[in-house]
Amino acid sequence: MTPYKNLSQKSGVKAYEILEEGIRVQFVSGEIYYYSNTIPGTEHIDTMKKLAEEGKGLATYISQKIREKFDTKESK
């Protein structure tokens, strides 16, 4: 996984992995969530990938727009 830049220094995101069909996001709690083009959808995935690469705004976007719309969750 790629370490999240965390430019705000306040993010709950630790790392991410961009995949062709979605994105995996690891939070500071250690849990990893997989978001796909199916859930929550391509438009959200494209935005999440952009925010992940920019290193700012991903956790806020997930908490405000995505919430519980994830494909799978891996426990730490």
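Y33 and Y35 are both buried. Keep in mind that this is a predicted model. For Y33 the relative accessibility is 15%, so Y33 falls under the 20% limit for buried. The ring centres of Y33 and Y35 are 6.3 Å apart with the planes at 20 degrees, so this pair is stacked.

The count of aromatic pairs is three. One of them joins F27 and Y33, edge-to-face, with 5.4 Å between centres and 85 degrees between planes. F27 is buried as well, at 16% relative accessibility. Together, F27, Y33, Y35 and F70 make up one aromatic cluster.

Now the charges. How many salt bridges does the structure hold? Four.

Take K50 and E54, with their closest N and O atoms 3.0 Å apart. Both sit in helix 1, residues 42-54, four residues apart, which is about one turn of the helix. K50 is partly exposed at 47%, and E54 is partly exposed at 38%. R24 is buried, with a relative accessible area of 18%, whereas E17 is partly exposed at 28%.

Last, K73 and E31 form a salt bridge, closest N and O atoms 3.4 Å apart. This one links distant parts of the chain: K73 is in strand 5, E31 is in the loop between strand 3 and strand 4, and they are 42 residues apart. K73 is partly exposed at 41%, as is E31 at 23%.

How values were computed:
Residues are numbered from 1 along each chain as its sequence is written. This is a predicted model: local features need pLDDT of at least 70, side-chain atom pairs count only at pLDDT 80 or more; totals for chains, interfaces and linings use all residues. Side-chain values use heavy atoms; hydrogens and water are left out. Rings of Phe, Tyr and Trp (its six-membered ring) pair if their centres lie within 6.5 Å; planes under 30 degrees apart count as stacked, over 60 as edge-to-face and the rest as tilted. Buried means under 20% relative accessible area, exposed over 50%, partly exposed in between (1.4 Å probe, protein chains only). A salt bridge is a side-chain nitrogen of Lys or Arg within 4 Å of a carboxyl oxygen of Asp or Glu. Helices (H or I, at least four residues) and strands (E, at least two) are DSSP runs, numbered from the N terminus.
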